[in-house]
Every structure is written in structure tokens, then in C-alpha cells.
Amino acid sequence: MPTNCLEIDGMRPDPETTAPQRRGSAMKVLILGASGAVGGHLRTALLAAGHQVTSAARNAPNGWVRIDAANTNLSDLLREASRHDIVVNASGVENSSLGTAVGDSTIIDISASAGYLAQLQLASPQTAMVLGVGLAPGLSTLMVAALDHEPGDDIDVAIMLGAGKKHGPAAVKWTQRLIGSRLADPPEGRTVMNLHEARTFSTASRPRRYLRADFPDHVLYGQARELRVRSYLAFGSPAATTALGILARAPLARGLVAMVPPIGDEGWSVITTNRRTGQSRRARGYNQSKSTALLTARIVDALAGKRLSGAVTVDRLLDFNGLVVEGIEMDY
């Protein structure tokens, strides 16, 4: 992956949509995957904020729009997108053709895969898009940006996900793809295998072991600023984290990920730390699907009155310092 493949172009004011309502002007939003865990919460949040929402899904109930984001023929999406300001890909499908299929609309993609986000931008460089929206990347990107840093710094991102939550098929597939795969364009400039390296971070309760994982903040934020950003993953259950580390050494057993039962609660946390200064930012919450949806809703609010030019990341739209999101506790 080229080091500049996720370089953002910026945004310009739209003089026709500058009048704010509540936190922002009402937007017409099409949600792909509205029946999923994130999509359902997002639909509720956007409607509560006064936005106009169209729900789309592969198996659409009455009153919804049927769109399969995995299709090679996305003519249905192109037709629907022409009637909306924003298309949110909450389906979990990573299809780089989505960017060209949204026309003049802005696409918000919740994917956490660096390689896919790069392909999405490269396939449609003129399309307005927000890349990396959710807990990690997304909230984690804001937290890295909130640290004092200078070129050459090493930044750690520690993501703990609740092992007590039953994850959907897209989340399970994302975790399975980590097993036996390499990080995309790691800051070390050498091959780094997912889930092979470990690092211990102090949480609110006790030190916890995390596994190196391919969350894309090193590409989304770090490369352009000459920062070495490394992300690490743990589950709320230390036993589940250990099991994932063992599976990482046996790629043929990746199918076992789908068989792991929920253990523990649905609490999640994100910690970012600058190794040079010791400065940290922390955030925590409960139910990562709902938290992801509420963060995405804030991005929709922030887009009101703005017209993007190319791709941007969330740090261009929100600031972690002073950010208030229901159900998320943050240490500024």
C-alpha cells in the first residue's frame, strides 16, 4: 500500500446548506445494513436528531430498500444515493466499488480494515468520503490526535472489546481475517503478523495483555505526521484474548473464532499513549455497536453545511477534547 494512499484532500463550505438545526442541518441519509447491530442503533440516533433516514438491507422488510452492498452491480445503490446527501456503509461489506456507486453523495464507511479503506479511496479518488468511523478507527483516531506529539514519536492504541457481546457475522469475519495475515503497511517497514506481538497496558482494573492488530490508525493518521502508531487488541475476557493469540499461530483453525461463546460483559475501552511523553487519553463505554452508531451519528451532524472534496478522516470533523457522546466516558 502506498504511504500516501489515504491522504485527505479537505473540505469546503456549501453555501446552500449552512443554516444549522439543533447540532446541524437535517440530512438525507441512506443506511446500508440498517438491520445490523450498528445500523439499527444508527437509524434510531439519526431519526432522533431530526435527519431523514432511508433504511436499506440485503433482506429488506416492507418499507425498506433492498440493496446488497456485496453485489458487483450496484445500480440500485446509485439510484438511491442520488436522492440522499450521505450513504453510511454499516453493512460490514468491504466492496471498493461502493465509492463509485454513491455518485455525488458522501459515503461514510465504518470498516476497520486499512487495506480496504485504501482500495476504496483509490477506486474513487474524487468521491467525498469519511474513512474509519467507529471506535477503532474513529474514536481512537481522535484520541491519537488529542495527544501532544511530534515527528518520530511512538503512539500505542490499546483497544479492548467486550467479550460478552455476541458479534455479528461481519465482526467475526473481520477477526478471522486477522489470523494468518500481515499488517497493512506497518510503521516498522518490515513484515508484522497480526496477533503475534503482545504488549501490556494498565487498565482501570489491572494490567492486561493486548495483541498487535491491524486497526488502521497508523495509516489514517500516523503516516502523514511521521508517527509510528501501533494498535493492539484485547477482549474483556483475558482467556478469550489468550485463545485468540493461540489461534493466530494456527491459521487453518480460524473458523473456530465463530464458535467462541460470549464471556463476560459488553464493556469496551480505548487507550492511546505517547511512549515519549507518557501522555494518555482514555475512553470507555458499554455496547460497542451502540457506541459506534452514536459516534457515526455525530459525524453526520458534523457534515451538515460542509461539502467534502475527496477523503477525510474523523479528526478533520470532530475534536476529542470536549466531545460528548451518550454512554461514553472520556478522559480529556
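Is arginine 284 buried, partly exposed or exposed? Arginine 284 is partly exposed, with a relative accessible area of 24%. Those words have cut-offs: buried is under 20% relative accessible area, exposed is over 50%, and partly exposed is in between, with a 1.4 Å probe and protein chains only.

A word on the model. This is a predicted model, in which local features need pLDDT of at least 70 and side-chain atom pairs count only at pLDDT 80 or more, while totals for chains, interfaces and linings use all residues. Residues are numbered from 1 along each chain as its sequence is written, and side-chain values use heavy atoms, with hydrogens and water left out.

Now the overall picture. The protein chain has 9 helices and 16 strands. These are DSSP runs, numbered from the N terminus: helices are H or I with at least four residues, strands are E with at least two. Of the 332 residues, 54% are buried. The accessible surface is about 14,400 Å², and carbon and sulfur atoms hold 49% of that. Accessible areas come from the Shrake-Rupley method with a 1.4 Å probe; for residues, only the protein chains shown count as cover. Next, contacts, meaning heavy atoms within 4.5 Å. Take those in the protein chain with a separation of 6 or more: 68% join residues 24 or more positions apart.

On to charges. Side chains of opposite charge can pair when their charged atoms come close. How many salt bridges does the structure hold? There are 17. A salt bridge here is a side-chain nitrogen of Lys or Arg within 4 Å of a carboxyl oxygen of Asp or Glu.

Back to arginine 284. Its salt-bridge partner is aspartate 331, with the closest N and O atoms 3.0 Å apart. Aspartate 331 sits in strand E16 (residues 328–331) and arginine 284 in strand E13 (residues 280–286), so the pair ties together parts 47 residues apart in sequence. Aspartate 331 is partly exposed too, at 31% relative accessibility.

Next pair: arginine 230 and glutamate 188. Their closest N and O atoms are 3.0 Å apart. Arginine 230 is in strand E11 (residues 228–235), and glutamate 188 is in the loop between helix H6 (169–178) and strand E9 (198–202), so this bridge ties together parts 42 residues apart in sequence. Arginine 230 is buried at 11%. Glutamate 188 is partly exposed at 24%.

Glutamate 197 is in the loop between H6 and E9, arginine 212 is in strand E10 (residues 207–212), and the two are 15 residues apart. Arginine 212 is buried, at 0% relative accessibility. Glutamate 197 is partly exposed, at 26%.

Some of these residues belong to a network of salt bridges. It links Asp154, Glu188, Arg190, Glu197, Arg212, Arg228 and Arg230.

Last stop: helix H1. Which residues of H1 are buried? Val38, Gly39, Leu42, Ala45 and Leu46. They cover an arc of only 130° around the axis, so they are on the same side of H1. That arc is taken from the directions from the helix axis to the C-beta atoms. The buried residues pack against strand E2 (28–32), strand E3 (52–57), strand E5 (86–89) and helix H9 (288–303). The face turned away from the buried side carries the exposed residues Thr44 and Ala48. Just after H1, glycine 50 takes a positive phi of about 90°.
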